[in-house]
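Please open the structure in a viewer and keep the selection tool at hand.

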Amino acid sequence: MDEKNYEKAVELRRKLHTRPELSGREVWTRHYLIEFLQANTTRLDIVDRGKPYFYAVYRAGADLPTLAFRADFDALPIPETIDLPWGSQTPGVSHKCGHDGHSAGLAAFALEVDQKGAACNVVFLFQHGEETGIGACEAKEVLAAEGVDEIYGLHNSSGFDAGTVALKDGVVQMASRGLSAFFSGTPSHAGYPELGKNPSFAMADAVAQLPQLVQDSGRQGQVLCTIVQMSAGGPDFGVQASEGVLRLTLRAGVERELDALQRNIEGLVRSLAEEQGLEVRFELADVFPETTNDPACADKVRAACRVVGVPQVEMTAPLRPSEDFGGYCKSCPAAFFYVGNGKDHPPIHDAAFDFRDQNIRTAVAVFSALAGVPAD
């Protein structure tokens, strides 16, 4: 990797870190990345259609395959609590997942391709809204628009040794979705609870029975149900609770088993609500598909690692956190891999986390080998 490109990428990463923006609000981030590519490339077609995402294309020839490489650029609602010269200047928001580094790495790769060329057409896809699952759903239209044959992406990970690449065939990150159950009863004076219908008891019964629904019963993969919020009523001690909400995150390694878990939970909740004369309705949010590597694409990542001398390890199980890259996996052959931060590095979504800049070199090396960028 050209050293000047690396230095520009680190400077870009740290600038992005100072101005983090939440999912769906990435106006400045998107604009700044576009400006960076405009200022530092001459051979790329930068496609800005006014959508939350944007992309750039290196066109090597209509008869050549087209590979896409994706990076995300949204931040998290986590305050910056560590002392960094490039610390977040946005109260309550910071890049604690490393998406600033992902975008800087993709930008550095774009500079390399712009300067050295590639053996295929290359789409550099910069995507919004990964944390909420909306980004890939909207940006995957690029795959059809540009005739993408394969797509690749990565994430930094503190679960693996620094500078290594980890991946596996098949599912690498679990599917998940947020399920909210809204209960509605009837209020009454707190002195006459028998005159009202309080949802708290049905909610408590549901919570008590949830563990039975996730017990292993011949499932192909792991399933999880996490309670994220449970509330009923208000602070008035004279009024019995009549409204309540139970919010759950459902997670599974196999999407059809996630569908079954959701059906079972909704059936349980409906039954309990009906028994106690309550109304209940459901809402879904933050829906993430499973992220599944195509074995042939994963093999190409393994081969790329061998070419550039990056150590590569095989994962033994999917990661539990979800990743909206799974939306691309449903549209064309894909592979998603992980670049290690070191096992002692703070994990993502931790207040002590900051992206490891050296991972930019690893990302660019592997991406360059996949795209056939001439070696230095």
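Which element gives the most to the lining of the second largest pocket? Select helix 10, which contributes five residues to that lining. Helices and strands here are DSSP runs (H or I of at least four residues for helices, E of at least two for strands), numbered from the N terminus.

This is a predicted model, in which local features need pLDDT of at least 70 and side-chain atom pairs count only at pLDDT 80 or more, while totals for chains, interfaces and linings use all residues. Residues are numbered from 1 along each chain as its sequence is written, and side-chain values use heavy atoms, with hydrogens and water left out.

**The pockets**

Remain at the second largest pocket, which has a volume of about 180 Å³. Of its 14 lining residues, Met 1, Val 308, Ala 365, Ser 368 and Ala 375 lie nearest its centre. Two or more lining residues come from each of helix 3, helix 8 (295-308) and helix 10. A pocket is an open set of points on a 1 Å grid over the protein atoms alone, with protein on both sides within 12 Å along at least five of seven lines; a cavity is a set of points where a 1.4 Å probe fits but cannot get out, and lining residues have an atom within 4 Å of a point. Grid points are joined across faces, edges and corners, and a volume is the space filled by probe spheres set on the points.

Next, select Glu 131, Arg 251, Pro 321, Ser 322 and His 349, the closest to the centre of the largest pocket among the 36 residues that line it. This pocket holds about 730 Å³ of space. Strand 8 (175-184) is one of the strands that supply at least two lining residues, and its share, five residues, is the largest.

**The cavities**

The structure holds two cavities of 30 Å³ or more. For the largest, of about 60 Å³, select lining residues including Arg 70, His 102, Leu 154, Phe 355 and Phe 367. Strand 3 (66-72), helix 3 (99-116) and helix 10 (359-371) each supply at least two residues of this lining. Then move to the second largest cavity, with about 30 Å³ of space, by selecting Val 47, Arg 49, Lys 51, Tyr 53, Phe 54 and Tyr 55.

**Helix 2**

Select residues 27-40. At 1.5 Å a residue (times one less than the number of residues), the 14 residues of helix 2 should span 20 Å, and its end C-alpha atoms are 20 Å apart, which agrees. Its buried residues (under 20% relative accessible area, with a 1.4 Å probe and protein chains only) are Trp 28, Thr 29, Arg 30, Leu 33, Ile 34, Phe 36 and Leu 37. Among the elements that cover them are helix 1 (3-18), strand 1 (45-47) and strand 2 (54-58).

**The aromatic rings**

The structure holds 11 aromatic pairs, in which rings of Phe, Tyr or Trp (its six-membered ring) have centres within 6.5 Å. Select Phe 109 and Phe 124: their ring centres are 5.3 Å apart and their planes lie at 65°, so the pair is edge-to-face (planes over 60 degrees apart). The pair links distant parts of the chain, with Phe 109 in helix 3 and Phe 124 in strand 4, 15 residues apart. Both Phe 109 and Phe 124 are buried.

How values were computed. Buried < 20%, exposed > 50% of the residue type's maximum accessible area, 1.4 Å probe, protein only. Contact = heavy atoms within 4.5 Å. Phe/Tyr/Trp six-rings, centres within 6.5 Å; stacked < 30°, edge-to-face > 60°.
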